[in-house]
Amino acid sequence: MLSSAVVNVTPVTLGAPLPGVISRTLGYGGPPLFIEPAGSELNDLPGFLHWITDHRKTLDALLLDYGGIVFRGFPVASSTQFSELAQLLGPYSGDYSGGASARTKITGNVMEATRLAKQIKIPLHQEMSYLRDYPGRIAFYCVTPADRGGETIIADMRRFTRELPDDIRRKLEQLGILVVRNFAAPADDGVEYFEDHPDQRSWQFGFYTDTREAVETTCASKGMEAIWNEDGSLTVRNTFAAFTRHPATGETLYRNVAHVDPGAGFSATLPEERRRRVEAMLERQTLRTGYYFGDGSPITPAESAQLRALFDKIELSWQWQGGDIMLLDNLLTAHGRNAFEGDFRDVQVALLA
């Protein structure tokens, strides 16, 4: 079912005002802060980028306060210009090799947000929260919004961490998280099809290489174990702490994937034939994709349901407008995507330090 709810923004007076812009918030004290030009002074790209540079310290402080900033109505009109902004904000020094989403590079450090089918609602998560290493921030650029739905949903991870059930918190703190993920064998005809589930991608596509040696080197550098299966597919496995200390604020925040259902439920909204294909793929896996407590014990259905219910409770969304840019602190604010209707949606992403 599509989410069509729209949250109205209301004016707010900032403690650290920025010149030349109007600042608005959703009115509850959490992410995001909306910033729009107040006049014509910021209507050209060089002027906007200069304004970003001049007020970077204030913007960084506001990002820590609100967890996210949406720049609306500014003169960023192409992927190349979005890449310029991303370079100015500070690109992530790592890479996306071995990442979970189905995406390719567009230009510079700008990538597709995802290629997953429009029927799928992508659950709330922090970028690369299934890995030890991760970008500190992430930026989204809406080139073309969907006809209906397709909002980039977000959630306040400060609130999520505060409201975690005590029994689950204790287990996560004590045991950490074990992540098992799979990549398919290279397709015989070289054609990649992976709109229905991330595990349909080949390891060549997921690691941007044709050699097993390069995959093993990447896995070792990122704290993952690479396991090659007889059918040519790849399983990766890694463990890490379920909570992370924010480097700037000192807060301890939930950062993991215990709440995500990586199985057939991930594709439950697909047409029946495609859903069955996903289920069959998962059944064939030697080590099935899944998320566990760090000692290998399962996250129970009841525990998963509690975590998802909490995310459902705090989820926020609003309609994208073409040209919108959203900057998120990757620890303070989770993101996802609503299912959508229409032939096209183009939202791009850049990983930032």
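1. Ala, Val, Leu, Ile, Met, Phe, Trp, Tyr, Cys and Pro count here as nonpolar, Asp, Glu, Lys and Arg as charged, and the others, Gly among them, as polar. The model is predicted: local features need pLDDT of at least 70, side-chain atom pairs count only at pLDDT 80 or more, and totals for chains, interfaces and linings use all residues. Residues are numbered from 1 along each chain as its sequence is written, and side-chain values use heavy atoms, with hydrogens and water left out.

2. The structure contains 2 cavities of 30 Å³ or more. A cavity is a set of points, on a 1 Å grid over the protein atoms alone, where a 1.4 Å probe fits but cannot get out; lining residues have an atom within 4 Å of a point. Grid points are joined across faces, edges and corners, and a volume is the space filled by probe spheres set on the points.

3. The largest cavity holds about 500 Å³ of space. It is lined by 33 residues, of which Ala100, Ser101, Ile122, His125 and Phe266 are the closest to its centre. Two or more lining residues come from each of β7 (122-125) and β18 (333-337). Helices (H or I, at least four residues) and strands (E, at least two) are DSSP runs, numbered from the N terminus. By class, this lining has 16 nonpolar, 10 polar and 7 charged residues.

4. The second largest cavity has a volume of about 50 Å³. Its lining includes Arg56, Leu59, Asp60 and Leu63, and also Arg137 and Leu327. Both α2 (56-66) and β4 (68-71) give two or more residues to this lining, and the largest share, 4 residues, comes from α2. The lining divides into 6 nonpolar and 3 charged residues, with no polar ones.

5. An open sheet is formed by 4 strands in the order β12-β13-β11-β16, with antiparallel pairing. Two strands pair if DSSP finds at least two bridges between them.

6. Strands β11 (residues 177-183) and β13 (residues 234-240) run antiparallel and are joined by 7 bridges. Ile177 is placed opposite Phe240 in β13. Helix α7 (residues 212-221) packs on the sheet, touching β12 and β13; contact means heavy atoms within 4.5 Å. The direction of α7 makes about 150 degrees with that of β12. Axes are lines fitted to C-alpha atoms, for helices over the stretch in contact, and angles run from 0 to 180 degrees between N-to-C directions.

Conventions: 1 Å grid on protein atoms, 1.4 Å probe; cavity = no way out; pocket = protein on both sides within 12 Å on 5 of 7 lines; lining within 4 Å.
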